[in-house]
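Please read this report alongside the sequence and the model. It moves from the basis of the description to particular residues.

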Amino acid sequence: MHRDRLISQVGPALMLLVGLAFVVGSITTLELGSARRMGPGAFPAIVGGLLSVLALVTLIRNVRQPMGWDQPDPISVLAVAGGVIAFAFLTPLLGVLPAIVVSVLTTSSAVPQFRWPGRIALAVCVSVAVWLVFVKGLGIPLTTIRGL
Amino acid sequence: MELLSNLALGFATAATVYNLTYCFVGVFLGTFIGVLPGVGPLAAVAMLLPVSFYLPPETALVMLAGVYYGAEYGGSIASILLNIPGTPSASVTCLDGYPMARDGRAGVALFSTAIASFFGAIFGVVVMVLLSPALAEFALLFGPAEYFAVMVLGLVAASVVSTSGALRGVMMVCLGILLGTVGVDINSGETRFVVGMPELRDGVSLVVVAMGLFGISEVMVSARGATRSYATERISMSKFLPTRSEWLRSIGPAIRGSAIGSFFGTLPGTGQTVASFVGYALEKRISPRGDKFGTGQIEGVVVPEAANNAAAQTAFIPTLTLGIPGSTTMALMLGALMIHGITPGPRLISEHPELFWGLIVSFLFGNLFLLILNIPLIGLWVRLLRVPHYYLYPTVVVLICVGVYSIDNSIFDIWMTLAFGVLGYVLRLFRFEPAPLLIGFVLGPMLEEFFRRAMLLSRGDPMVFLERPGSAALLGIALVLLLATAIPRRFLPWARPA
């Protein structure tokens, strides 16, 4: 129970950190100006301050009534993030279509029931559909396959 | 007569083959998205944003709007056939729609849904036609202080409906505003918070934030969720037409539902879900057959459908005339306009009449398409729901990547999208909803601009916001809204988790 309470404070604590970061960032690196002629730092400092105060209130209220939190699902996060990372790495190297195939295969590994034939079929279908809609239909200039 | 010439202009804009095609594509995709549980209209609009850059602004908005109200239609199909709301606002339709389907009257339920939705939407469009120009004219009297106050009200309204409480909602709004300050400050030309990344000089792109928070993180949450297939029971589709007495019984509820929906649609932060809940609750109380609601009464389908479709249309009123988005999806529409260099606000109607009136007339066409599409295609949607929905998620991930990449051919944007996806996922784990963040992000820069201008005009006196009656009243409403949420949420019918 003690650990749960501690973890439920991570969210508000992160908010407090972000709020403070913006306040400190505005004060140290930007001009605050006067109330009449506000500099670029004034507004972020005010909003950052508001966020910090609210986060502090949440932290304190959370001690008495801790808000629940959900268990993360690392496999799902890794598979989805993996799909995006594959796309980001492979697009400049090989072009968009090969990147899509690898991305679909990576993301679909999140679901164990999803068998290889289905995954490969989906990868091919999605890349053909993207080529048809984005490249042929909308005429968006994408490097479909590098070196082609 | 001015109205007639405006509508004529609208017809001239909307009734071109080009715009009608995109209107059709929009409502078709919207229905598709609405039918599928798990992907909401928000993610759909976000995914189409990059495509809309390649279209003229009117066409872009016509298509995005079509997705949005098309999803309202589609949502009710899944509600009736499967008892699973495809969109949150369709959850009320489950109450009587699903029992009707189990009685073998799915065809009747779907047919009356189509008619009620169409009626509600047209009602909403009429309200919009009559109200928007007047509201815009009134809003021209606003100074920077009033604008600031309207935006604060919009942001507060957006955060109080957050299911995890107003406090967390306001925090997310603040976070969104702060993210909006990244990049060059338009007043001084100084760069803010770019932390050494030159790509951030122009600020964080709206598409990146929206796709990350709502696309990537949604997929992370639901990819491995319950993957049961939605195999339906055999549903008899032989009968479509309601009986004569059902027709007569539906007229009153349709009008009341549309009126309630139109009202709630215009309020920032409430929208279709609240409208359909309130409409249903009210009808249950005043209808002579109210005690039978929940057992498959036609009124119980007509009211929420009329209400949520009317609300879907009137939600455009504050968005287009004041520049205040009532919901996250509306914030994206606003963002789409701004990307095309159009500032939403009271001058929009007079400066871009073809856009405003064209959009309104496209609502008529779009709803007509939906009415014609809905019945013959029901068989298709049902078959589609039988496809295991894990086919969907890899497709969504790829569409997001291609969409983001197609804007600038920038790999940096893809990394940013991933970062926002992970951020959205972590926020959800700790019960912070990302929706208010996006509204704060869209409104933040305008909020700062009006705040600074008002302070300049008042010579640095912050009391200006309380001395001007307009802004004082608006800020007062915002405060009341905030305090009202101190009421425990179990007393509010629409706040209960579905």
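The sections below cover aromatic rings, domains, cysteines and some individual residues.

## Basis of the description

This is a predicted model, in which local features need pLDDT of at least 70 and side-chain atom pairs count only at pLDDT 80 or more, while totals for chains, interfaces and linings use all residues. Residues are numbered from 1 along each chain as its sequence is written, chains are lettered from A and ligands numbered from 1 in the order in which they are written, and side-chain values use heavy atoms, with hydrogens and water left out.

## Aromatic pairs

A pair of aromatic rings is described by the distance of the centres and the angle of the planes. Rings of Phe, Tyr and Trp (for Trp, its six-membered ring) pair if their centres lie within 6.5 Å, and planes under 30 degrees apart count as stacked, over 60 as edge-to-face and the rest as tilted. Over all chains, the structure holds 25 aromatic pairs. One of them is the edge-to-face pair of Phe87(A) and Tyr405(B), with 6.1 Å centre to centre and 80° between the planes. Because Phe87(A) lies in helix H4 (residues 74-94) of chain A and Tyr405(B) in helix H16 (residues 392-408) of chain B, this pair joins two chains. Helices here (H or I, at least four residues) and strands (E, at least two) are DSSP runs, numbered from the N terminus. Phe87(A) is buried at 0% relative accessibility, and Tyr405(B) is also buried, with a relative accessible area of 9%; buried means under 20% relative accessible area, exposed over 50% and partly exposed in between (1.4 Å probe, protein chains only).

Phe11(B) and Phe365(B) form another edge-to-face pair, at 5.8 Å centre to centre and with 85° between the planes. Phe11(B) lies in helix H1 (residues 2-14) of chain B and Phe365(B) in helix H15 (residues 353-386) of chain B, so the pair ties together parts that are 354 residues apart in sequence. Phe11(B) is partly exposed, with a relative accessible area of 38%.

## Cluster and charges over rings

One aromatic cluster is formed by Phe43(A), Phe148(B), Phe451(B) and Phe465(B). A charge sits over a ring if NZ of Lys or CZ of Arg is within 6 Å of the ring centre and within 35 degrees of the ring normal. Arg119(A) lies over the face of Trp116(A), at 4.1 Å from the ring centre, and the charged end of Arg168(B) sits over the ring of Phe432(B), 4.5 Å from its centre.

## Domains of chain A

The domain assignment of chain A gives domain 1 (2-64) and domain 2 (74-137), with 39 Å between their centres, taken over C-alpha atoms. For residues 13-142 of chain A, an unreviewed UniProt entry lists "domain: DUF1468". Over residues 13-142, chain A is 73% helix and 0% strand, and the end C-alpha atoms are 42 Å apart.

## Cysteines

How many disulfides (pairs of cysteine sulfur atoms within 2.5 Å) are there over all chains? The count comes to zero. The sulfur of Cys401(B) is 18 Å from the closest cysteine sulfur, in Cys125(A), which is too far for a bond. Cys401(B) is buried at 3% relative accessibility.

## Two residues of chain B

Thr314(B) lies in helix H11 (residues 299-314) of chain B and is buried, with a relative accessible area of 0%. A polar atom of the side chain of Thr314(B) lies 3.1 Å from the backbone oxygen of Ser262(B).

Ala166(B) has its place in helix H7 (residues 166-180) of chain B and counts as buried at 13% relative accessibility. The C-alpha atoms of Ala166(B) and Glu433(B) are separated by 11 Å, although these residues are 267 residues apart along the chain.

Methods
UniProt positions are given in the numbering used here, feature names are shortened, and annotations may be inferred rather than shown by experiment. Domain bounds come from an automatic or database domain assignment. A disulfide is a pair of cysteine sulfur atoms within 2.5 Å. A polar contact is a pair of N or O atoms within 3.5 Å; within protein, one must be able to donate a hydrogen and the other to accept it, and residues adjacent in sequence count only if both atoms are side-chain atoms.
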